[in-house]
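Dear colleague,

I am passing the structure below on to you, together with a short account of what came out of going through it. Please read the notes alongside the coordinates.

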Amino acid sequence: MTTARIAVTQGAPPASDPFAHLSELGGEGTLLALAPLIALGLGVLTLLVASVTPALARARRGIVLATLAIAWLVSTRIHFVEPGDVLDGSFRADGTSALWNLIFVGSAALAWLFGEASDRSRTQSLATHRWEHDVLVLSSCAGMVLMAGSRDLILFFVGLELLSIPLYALCAFRRERSTSLESGLKYFLLGSFAAAVFLYGSALLYAGTGSLSLDELAELLRDPESTAGLPMIRWGLGLMTSALLFKVSVVPFHFWAPDVYSGSPRSVTALMATGTKAAAFAFLFTFAALLPSEGAWVLASVGLATIVVGNLGALVQRDLPRMLAYSSVAHAGILLLGVAAGVRGGPEALAEATDAGLFFLAAYLFTAAGAFGVASMLEDPDRGTLSLASLRGLAHRRPWVAGTLTLFLISLGGIPLTGGFLGKYLVFSAVYRAGFVIPAALGALLSVIALGYYLRVITAMFMEEPSANPSQLPPGDSVGEAPALVGLALCAAGVLVLGVLPGWALALLG
Amino acid sequence: MGLLLWITFLPLLGAGVILCLPRERAEWEGRIALGVSLLVAGLGLGLFFFGFDAGSAAFQHRVSVPWLRLPGASEAVHFSLGVDGLTLLLVTLTTFLMPIVLYSSTGHIRKRVRAFLVWMLVMETGMLGVFLATDLFLFYCFWEVSLIPLYFILGIWGGERRLYATIKFFLYTVAGSLLMLIAAIALVQATGTTDLALLAERAPTLAPGHQLWIFAGFAIAFAIKVPILPFHTWLADAHTEAPTSGSVVLAGVLLKLGTYGLLRFCIGLFPDAALEAAPVFLVLGGVGIVYGALLALAQSDLKRLVACSSVSHLGFVVLGLFALVPTGIEGSLLQMVNHGISTGLLFLLVGMVYERRHTRALDQFGGLASSMPVFAIAFVIAMLSSAGVPGLNGFAGEYLILLGTFEAAPWAAALGVSGVVLGAVYLLMATRRMLFGPIVHDANRGLPDLAPKEVLTLAPLLLLVVVIGVAPSLFVRPSRATVAAIDARLEAARARRGVAESAPSMEPGLDPAGSDEAEGAR
């Protein structure tokens with residue numbers, strides 16, 4: 001129990017050896033475990049310094065890429081070295097958390113690439129405030145890393161805020177557009193509310209158990225003799241779960257997602273749909289160990305309801321970004337079924353569900369980032385909308401873009417030989433194996449609705465004639481689009497590799 | 001050794017080459033596509049005549065490479081292909097039909113020819129993959145992926161209401177596939193393997209109640225694809241809107257994926273459940289025969305008539321399969337090929353007449369025999385083959401099926417026979433309204449007869465109609481050993497049922513929820 005408090009009251013080590021923590025901080029394992037955070041933090045500082053140093057005015061792209069590359073490399077190393085628990089057990093860097101880090105860094109990198117390409121008109125604030133934009137992207141990436149690795153509620157909360165506060169600013173980044181401001185304000189208000197709920201829940205939990213460490217809490221709550229049955233603890237867990245469900249945008253906490261997703265700059269949407277969601281699920285899979293197994297049915301019902309609401313919501317949309325936002329809600333529902341399976345089946349099922357969730361989100365990273373990336377290339381630069389009508393006949397004008405979007409859509413729909421299929425297979429298999437036969441079958445069957453609206457987009461692109469007014473789509477700008485095309489190629493390659501040759505990725509999961 | 005890899009992936013390779021052709025070389029697209037499909041057809045025929053050991057029930061020419069590991073499976077998923085008695089005929093049929101379809105399309109597909117050829121070749125790879133896959137997971141991948149080319153072919157080159165038909169077809173099939181996916185997860189969880197040969201050993205040992213649930217998941221997916229009665233509504237729309245080549249492939253091969261799946265998975269893996277469910281399928285098959293025939297009788301559009309006759313003919317296949325005796329199953333396998341040939345022929349002929357008149361309404365024709373004699377000859381042969389006249393291919397299959405069905409369920413055979421009669425009625429009526437009588441419409445008077453190219457398209461199929469009709473045993477023999485192996489499993493299941501019925505205390509738990517719960521808890 002002391003370990004938890006030390007992490008809380010940073011800088012107040014036991015009196016006996018005031019420097020014990022400093023020596024531990026210098027240990028190689030600790031350094032490696034924190035290396036992704038250190039790399040991202042240093043990148044942020046370098047960017048801030050370079051932005052006011054005329055000599056480094058051209059170094060922005062280099063600094064961002066180098067930061068992300070270093071964070072990627074050290075995360076890979078963590079996967080194989082597995083430094084384990086550091087900082088008195090409040091932060092864990094093992095094989096799984098390293099894989100989560102790879103998803104976060106990949107998400108930030110793809111979002112950054114699409115953001116780079118979206119400065120078509122020079123007056124946009126996205127074009128004139130690039131340095132600030134990049135600082136915010138890297139900070140929120142650091143927040144994700146902190147969230148996924150934390151084994152302590154306070155450290156998690158710090159990560160959550162480090163992720164969220166830059167995101168609030170990023171959502172409102174295109175301040176000349178009212179929808180962007182609305183999106184930022186909405187996300188800020190609801191997000192702070194959710195953060196407060198989470199804090200209140202953890203306070204109740206702390207009051208009931210006297211601990212903030214996830215491992216200790218899991219042990220305490222599993223012990224039938226303990227205070228696990230107290231209403232206070234139940235309420236605490238319930239409030240914290242609700243706050244997490246808000247972050248992953250599932251029913252009934254999903255209403256913000258379509259507005260925020262479609263109002264934000266598209267690159268930020270890509271970051272939120274992939275990175276933020278992955279970070280929240282990474283913690284949710286850890287947090288699930290605390291939940292009582294009776295909660296599994298609640299989570300599974302919420303998951304199924306989310307799939308229904310997300311898919312039906314997407315079915316009536318006429319705007320591609322909003323449709324993708326609803327589809328992202330539906331995907332969160334599928335993953336929540338996986339979490340429910342972990343809650344129901346105990347530690348082994350939870351480990352399997354976590355692996356399935358990792359693969360699912362890795363595939364979703366490439367798929368959703370790619371789809372939002374295509375939207376960022378084609379959408380109306382002033383209003384940020386991309387109607388299905390304007391996509392008509394895209395296959396004639398830009399066959400490769402139409403082709404990659406098709407690939408992303410069929411991966412979202414779960415057709416084999418794409419990463420999206422195997423992700424769904426693994427999640428549904430975990431759900432089935434945890435004994436949830438009916439939820440698995442229902443969840444799979446509901447994907448039919450999803451294919452209905454994905455097909456409508458493909459149909460519009462390939463089978464319908466272009467609308468009368470061809471100026472509805474901005475013409476391709478080959479120079480400015482280059483980073484986005486790189487991003488699209490990476491996404492398409494990722495979707496195909498995870499679908500056709502998933503052996504090595506599954507081997508990484510162990 | 002690599003023969004099956006070549007057969008399966010040569011079309012895909014050809015599609016890749018066509019995609020890479022520079023725009024100025026567009027005239028090579030068709031030649032490459034045709035050349036590749038002819039090469040594959042050659043390999044397919046070589047496999048049929050020289051490369052297959054009819055005495056063996058095992059998978060032959062097997063290629064197997066470890067692919068990935070799934071949770072719950074003790075063995076890795078393999079990328080494995082193999083051919084056995086069930087698939088040899090279907091593979092040969094597929095490779096045989098493709099060059100004909102591609103050759104026939106050169107005239108009437110005029111827009112976006114390159115994309116059309118690429119999708120056709122990708123579809124060939126997909127269909128061959130479904131037949132040749134000897135791993136459940138790989139089978140599922142090919143099964144789903146083969147939907148996409150047809151989706152594009154229907155949606156881009158189809159008729160007036162093509163978008164409606166396309167989406168209906170896709171969503172129907174995918175709904176079935178997702179049920180199959182859950183059943184596959186359950187099967188992998190229960191047996192620990194995805195290899196079809198190992199599954200054939202392990203799946204029949206599952207408790208009958210458990211089998212029945214997994215069987216149902218697979219059966220609904222395949223029933224939608226076939227289509228068996230309540231699920232048949234997508235077929236008429238898809239056929240009517242598809243371009244001729246799409247219809248030929250759809251009727252010739254894609255529907256056979258469903259009947260093949262019923263045989264390979266539902267009957268081959270779950271004999272106890274198949275025995276349990278056989279009456280349901282016999283009823284659905286028998287009713288489908290009569291209902292499809294009545295539907296065909298009511299059509300005024302020639303293409304819809306042929307499409308509805310497909311429902312009727314596939315009812316025969318289902319009847320033969322679920323008679324669950326070797327004669328019936330062999331007859332069904334032969335009838336799958338027969339249906340592919342005769343319906344393919346009919347669709348090609350409908351396409352040819354549509355090219356000339358731009359209508360398919362039966363009352364717009366009459367007296368074509370005098371203006372288009374060669375067409376009339378081909379049409380009559382195709383109709384007679386479809387009606388099952390002795391000496392042509394349809395007879396052998398239907399006879400074997402009725403023989404087998406009579407053995408198992410005489411009442412179902414009676415339904416089948418009435419279907420034969422009704423079949424003769426609507427086919428002969430259509431023939432009369434098309435070909436004979438006076439020429440009422442002036443437009444029919446000066447119609448040009450079949451061009452040499454069109455005759456060349458039809459000739460191989462017409463030849464095959466006669467060859468199968470005269471020497472059916474040549475085509476039944478290769479499947480005999482594999483069918484016998486399936487029959488042995490069915491016999492074992494019958495014996496188990498007999499024991500269970502005579503000793504009520506040993507009755508297997510039929511409560512499906514209970515066994516699923518137990519399975520999940522493990």
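**Where chain B meets chain A**

The contact draws 37 residues from chain B and 40 residues from chain A, and please bear in mind throughout that this is a predicted model. Between chain B and chain A an area of about 3400 Å² is buried, with carbon and sulfur atoms giving 77% of that area. Zero salt bridges are counted between chain B and chain A, whereas six residue pairs are found in polar contact across the interface, both residues being at pLDDT 80 or more.

On the side of chain B that touches chain A, the elements giving two or more residues are strand E1 (60–68), helix H5 (136–145), helix H6 (147–157), helix H7 (162–191) and helix H22 (512–521). H7(B) provides the largest share of that side, namely 15 residues. Sorted by class, the side of chain B that touches chain A consists of 25 nonpolar, five polar and seven charged residues.

**A helix pair within chain B**

Helix H13 (residues 302–322) and helix H14 (residues 326–357) of chain B have axes that come within 8 Å and cross at roughly 175 degrees. Because angles over 145 degrees count as roughly antiparallel, H13(B) is roughly antiparallel to H14(B). Among the residues that meet in this contact are Leu302(B), Val306(B), His313(B) and Phe316(B) from H13(B), and Ile329(B), Met336(B), His339(B) and Phe347(B) from H14(B). Taken by class, the residues of the contact of H13(B) with H14(B) are twelve nonpolar, eight polar and one charged.

With best regards

Conventions: Residues numbered from 1 in each chain as written. Chains lettered and ligands numbered in written order. Predicted model: local features only at pLDDT ≥ 70, side-chain atom pairs only at ≥ 80, totals over all residues. Heavy atoms only, no water. Axes fitted to C-alpha atoms, helices over the stretch in contact; angles between N-to-C directions. Helix = DSSP H or I, 4+ residues; strand = E, 2+ residues; numbered from the N terminus. Parallel < 35°, antiparallel > 145°, perpendicular 65-115°, else oblique. Contact = heavy atoms within 4.5 Å. Nonpolar A, V, L, I, M, F, W, Y, C, P; charged D, E, K, R; others polar. Buried area = accessible area lost by both parts, 1.4 Å probe. Salt bridge = Lys/Arg side-chain N within 4 Å of Asp/Glu carboxyl O. Polar contact = N/O pair within 3.5 Å; in protein donor to acceptor, adjacent residues only side chain to side chain.
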